[in-house]
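Welcome, and please open your viewer. This tour goes stop by stop, telling you what to select and what to look for.

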Amino acid sequence: MEKKFCCQINPNTEYLEKLHKKHNWIPGKNNIRPTEEILIQKENYISNINIFYESEKDFVLTEFFNFKHSINNDGKIYVKNIDVDKKHLFLNNLFPYDVHIGTFHYVLWYSYVDDKVIDEKKINSDINSELTSILKDELYDYVWYENPKKHMKDIYHIQVFWRKI
């Protein structure tokens, strides 16, 4: 089977629904949010983050990227800009959308924001590299988009949906 999708897609719900009707592994308008149960878990998780971290970005930089962290005057964890290296991580979404069986929902996180460096070509290259590393072959499809209603606005990340073919 040949790859059909390895690209960015428009996150517009009508467009997603059209794609979903033709290719059920791509999330449609009813699959672009977590289930109610997952949403409750997410709210609790974020509440705990806000207790211990200066920001959600500091949580991601500390817990996902393992960057050196400091403690502010309020006893909260934060990461100094000087301690942030330019890296990306490809991780399972902690709060996955309610997607079709066989579709994997990942997040591609970047520890930095640089419009001259993080462009569509770079993102596609990073996703291909990560999926090839995970699967040990190139038998996959993926689509990605930047969530227009993203919760974490202070650290760059995109939603990636992929399947093995």
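Is lysine 164 buried, partly exposed or exposed? Lysine 164 is partly exposed, because its relative accessible area is 40%; buried means under 20% relative accessible area, exposed over 50%, and partly exposed in between, with a 1.4 Å probe and protein chains only.

Before moving on, a word on the model. It is predicted, so local features need pLDDT of at least 70 and side-chain atom pairs count only at pLDDT 80 or more, while totals for chains, interfaces and linings use all residues. Residues are numbered from 1 along each chain as its sequence is written, and side-chain values use heavy atoms, with hydrogens and water left out.

**Stop 1: salt bridges**

A salt bridge here is a side-chain nitrogen of Lys or Arg within 4 Å of a carboxyl oxygen of Asp or Glu. Helices (H or I, at least four residues) and strands (E, at least two) are DSSP runs, numbered from the N terminus. Aspartate 137 is partly exposed, with a relative accessible area of 23%.

The structure holds four salt bridges. For another, select aspartate 126 and lysine 122, whose closest N and O atoms are 3.1 Å apart. Both sit in helix α4, four residues apart, about one turn of the helix. Aspartate 126 counts as buried because its relative accessibility is 7%, whereas lysine 122, at 24%, counts as partly exposed.

Next, pick lysine 150 and glutamate 146, which meet in a salt bridge at 2.7 Å, N to O.

**Stop 2: an aspartate without a salt bridge**

Select aspartate 58 in helix α3 (residues 56-64). Aspartate 58 is buried yet has no salt bridge, and the nearest side chain of opposite charge, lysine 57, is 7.0 Å away. (Lys and Arg count as positive and Asp and Glu as negative; His and the chain ends are not counted.) What lies 2.9 Å from a polar atom of the aspartate 58 side chain? The backbone nitrogen of valine 79 does.

**Stop 3: the cores**

Now show the largest nonpolar core, which has 17 residues. A nonpolar core is a set of buried Ala, Val, Leu, Ile, Met, Phe, Trp, Tyr and Cys residues joined through side-chain atoms within 4.5 Å. Leu108, Ile123, Ile127, Tyr142, Ile158, Val160 and Trp162 touch the most other members. Two or more residues come from each of β5 (104-110), α4 (120-135), β6 (140-145) and β7 (157-164), and α4 gives the most, with four. A second, separate core of 13 residues includes Phe59, Val60, Phe65 and Met152.

**Stop 4: aromatic rings**

Finally, colour the aromatics: a search of the whole structure finds 15 aromatic pairs. Rings of Phe, Tyr and Trp (its six-membered ring) pair if their centres lie within 6.5 Å; planes under 30 degrees apart count as stacked, over 60 as edge-to-face and the rest as tilted. Tyrosine 97 and phenylalanine 161 form a tilted pair, 5.8 Å centre to centre with 40 degrees between the planes. Tyrosine 110 and tyrosine 112 are edge-to-face, at 5.9 Å and 85 degrees. To finish, select Tyr45, Tyr53, Phe59, Phe64, Phe95 and Trp109, which ring pairs link into a cluster.

Definitions and conventions:
Lys and Arg count as positive and Asp and Glu as negative; His and the chain ends are not counted. A polar contact is a pair of N or O atoms within 3.5 Å; within protein, one must be able to donate a hydrogen and the other to accept it, and residues adjacent in sequence count only if both atoms are side-chain atoms.
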